[in-house]
Amino acid sequence: MSDLNNKNPDWEVVIGIEVHVQLNTRSKIFSNSATRFGAEPNTQIGPVDLGLPGSLPSLNQEVLKKAVLFGLSINAKINPISIFERKNYFYPDLPKGYQISQFKTPIIGPGKLEINLNNNQTKIINITRAHLEEDAGKSIHDLIPYKTAIDLNRAGMPLLEIVSEPDLRSPAEAVSYLKTLHELVTAIDITDGNLQEGSFRADLNISIRPWGQEKFGTRTEIKNINSFRFAEQALNYEIERQIHILESGGKITQETRLFDSDKIETRSMRSKEDAQDYRYFPDPDLPPVVLDMSWVQDLAQTLPELPSQKRARFKNNYCLNPDEITQLTKSKEISEYFENLVKLNHEPKIISNWLNGEFLALLNKNNLNFSHNPEPIKINLFSELLHKIKNKTLSNSAAKQILAELFSNPALIKTPEDLNNLIKKLGLEQVSDQNFLEKIILQIIQDNPAQIQELKSGKEKIMGYLIGQAMKLSQGKANPAELKEVLLRLI
Amino acid sequence: MNNLTCFTLAQSAKLLAEGKISSQELVQISLNKIQQLDSGHQGLNSFITLCDPADLLAQAKLTDQERFKNKNNLNKNLDKNILDLSGIPIAQKDLFCTQNIKTSCGSKILNNFISPYDATIIKKSKQAGLIMMGKTNMDEFAMGSSGENSFYGPSKNPWNLAYSPGGSSSGSASAIAAGLVSIATGSDTGGSIRQPASFSGITGIKPTYGRVSRYGMVAFASSLDQAGPMARTAEDCALLLNILAGHDVLDSTSSTQPLENYTANLNKPIKNLKIGLPKQFFGAGIDPEIKNKIQDSLKIFESLGAEFIEVDLPHNDLAISAYYLIAPAEASSNLSRFDGVRFGYRCENPKDLKDLYERSRAEGFGEEVKRRILIGTYVLSQGYFDAYYLKAQKIRRLISEDFQKVFAQVDLIMGPTCPSTAFKIGEKIHDPLALYQSDANTVAVNLAGLPGMSIPIGLSEELKLPIGLQIIGPHFSESLLLNAAHQFQLNTNFHLQIAPGFGELFHE
């Protein structure tokens, strides 16, 4: 999936993305109702969420804080005054008959996000704006035959809508943008980022134009994508569809389309002609939001290390390659685990090899990940394991075996003593005892006269085979480096 | 004291404190009068919902017992500065949400609506111990100036039953004028407290926008709506405003301006008070009889030491036009929630969603409400927004600036509340534009968010219908408005007059 190889020779792809990020506040944006996901339908609602007569919205200050944190994290213009407006339309899961959103004057102005491309290059994506709004409820059409059920638990959930410029030029760039943005908004803790639960949903605007043409082509918008894979599939499908239409002499209709993840295709939802007039006007129930800029400055001090900053630091401090850095900065938990091991005097490269290798494989095999289970293996045990490898008490292969045991029996092995007992029980302690090693090597010399001859005649390659045989004979307990020394000494 | 005796709020409080009357008696008198005067074809029709009499008397009994206990409990540290108003009947306009009791807003669409929560001012009234007799009639969603736009039929003016008591707080005005209760709440978006107060010969004050919480008040035009007290006297208005006013975290537009004790300054002399008389209020459109009565009342203020200055409100003529764009625009959006989905009226056997929306709203809303939804939807539409809504907002700002300039010169503004006295029921209902004109002197006050008040200053010669004087002040000057009105009422008795046949005011 290289950008360079995938370019269509005739058409340039132009993509802009709107992402709805559900903010992880405890109460809703305009009421004190709870925001817990998965509650019984219509149990997290009050007069305001129901749009009862006489009820009035009052802004949750926590929501402002999260929006400003995002603005700061993309170096955006923070607007000292922003205005909530009403977007008027009728729908059964929209209780008031209007959605409160920011229209002309959003809280966050232009900013920038740097994304990584596959060829290890980076690209700056311009972010037009980010604004606050409330979510609508949910219509459920397949619960009661011939009827629509409405769950208003989601009504009034706080959303930050992040709008990019049409700066993206391929599905791969779009996915990289989405992943980078997702990483950022979870790192600064403004959302739980849960894709399945809809905490991060994207609307993809896409058009194509002949290379060299300045004017954008007519675009379509693919709504409500909640997976990186779906985004890529939907965009690829839509590019093919648009190219096909234009190349057969047709015209693109400006419309909203839905992605069907089963059939991997997009379908028309409504065209521009059906677009409603939302009759936006400033919500008279909510005074303009006026930010105290010194509060904003204080907030900037609380911003955690951003993923981009962390990557740079990992590169400079630990001399790791980009792939390793990507893995080790995937979540706050894995980064912390890594850095705590560094503090315990282990080599960054060695830790990285283990974490990105056997450790990651075992995590995947056990359906675990760092985010959900911050310490799959207690750090002191893993550190002890690394020490034993370093001082040659354990061979690499023995260490792998032990690690697998730690994953499958976390309850049984809790202390370094438990670990030692396990190593003893499995007989995996690496032996450097010269008598033992000499005994094995002598046996190997006796059993492999031809190979020994080859070695003596200068065929170094055969060494690997001989040491392998010796290791087998020692049942993995011997230290291979020492074995090699003994062999060279004895022949 | 007989069956038709009327009390002011202050009188009731005093009699209760002295043990000369019980809350049960006050409630019983109110119930008797409502029974006798309010229902039936000849009735005033000032209540949409009357609370259960047995329940009301039980509440009254509880307050009587409480009062008795407190009187005998010398250790109880009662605040002497706050007059105890517990046990006194009040009527609430039917757009304030009340738990367990229907809140209809005068509309068929809410004929079945019972709010699961109390509006903030309902809570405050309950905390003060006031006993809610019922919910008063009103123009549907507070849209109207005559009370005729009510799904429950018009209320009548006690001074002449063929006439309107004004609107939209028609029932509250009618009930106080007839002495059914001494106090009631109203709401004022373009004059809906002041105009009915003027038509019905009572006193009413629309506080500064944001002084009284709007939480739980069914919204008409959110940037203009303001709840306030209606009563017989300025003193009673002050007592009730002390209960209603205050910041509310549930209403983001409610003010954090420190509260005043509105009765504290009532007795201050008003010597050297500078009063502005806008020439626009005394122009060609004014009924000469009203002009004369206003001049007479100003002479009384003059005799109390006030000075007059002619002032200019150059954009006042644009107020009605601006108001009838902004208010419907907000209303069209505010009324979207009445869609037949979650609460209120739903049409029978809807074919589909569109049919459900269209018929529920077509059958549930009355003519005037539909007219304003149409106007409001139109002016917010793409292509018309700038020409109508934005322009109206600009006029609104100019009107505000006019007042600011005037208040740099004067303390208060005075003029007629309405260009005419009450009109006959049915007289103007088919001519909406003529009806809108009756708001000519009141809407500018809402556009500027200022406090405004209407006090009775006498009756017209021939028809004997009440005439009202409007007093307007700068933001948060309620105390001064009430002070000036009270000083006037100390020297006149227009406010003590009760319509013939509706009993007379209690005298010790």
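The legends below describe close-up views of a predicted model. Local features are given at pLDDT of at least 70 and side-chain atom pairs count only at pLDDT 80 or more, whereas totals for chains, interfaces and linings use all residues. Residues are numbered from 1 along each chain as its sequence is written, and chains are lettered from A in the order in which they are written.

**View 1. Helix H15 of chain B is mostly covered.** Helices (H or I, at least four residues) and strands (E, at least two) are DSSP runs, numbered from the N terminus. H15(B) comprises residues 478-490 and reaches 18 Å from its first C-alpha to its last, close to the 18 Å expected at 1.5 Å a residue; the expected span is 1.5 Å times one less than the number of residues. Of its 13 residues, 12 are buried (20 or more other C-beta atoms within 10 Å of the residue's own, with C-beta atoms placed from the backbone; 12 or fewer is exposed, and in between is partly exposed). Among the buried residues are B:Leu480, B:Leu481, B:His486 and B:Phe488. Their cover includes helix H7 (234-244), helix H8 (288-303) and strand E10 (452-459) of chain B.

**View 2. Strands E5 and E6 of chain A form a hairpin.** The two strands pair in the antiparallel sense over six bridges, where pairing requires that DSSP finds at least two bridges between them. The covered face of E5(A) holds A:Gly111, A:Leu113 and A:Ile115, while A:Lys112, A:Glu114 and A:Asn116 make up the uncovered face. Five residues lie between the strands, and A:Asn120 in the turn has a positive phi of about 65 degrees.

View 3. Most residues other than glycine have a negative phi. A:Asn367 is exposed, with 8 other C-beta atoms within 10 Å.

**View 4. A cis peptide bond joins B:Gly167 and B:Ser168.** Most peptide bonds are trans. Here omega is about 10 degrees. B:Ser168 belongs to the loop between strand E3 (131-136) and helix H5 (170-177) of chain B.

Definitions and conventions:
Contact = placed C-beta atoms within 7 Å.
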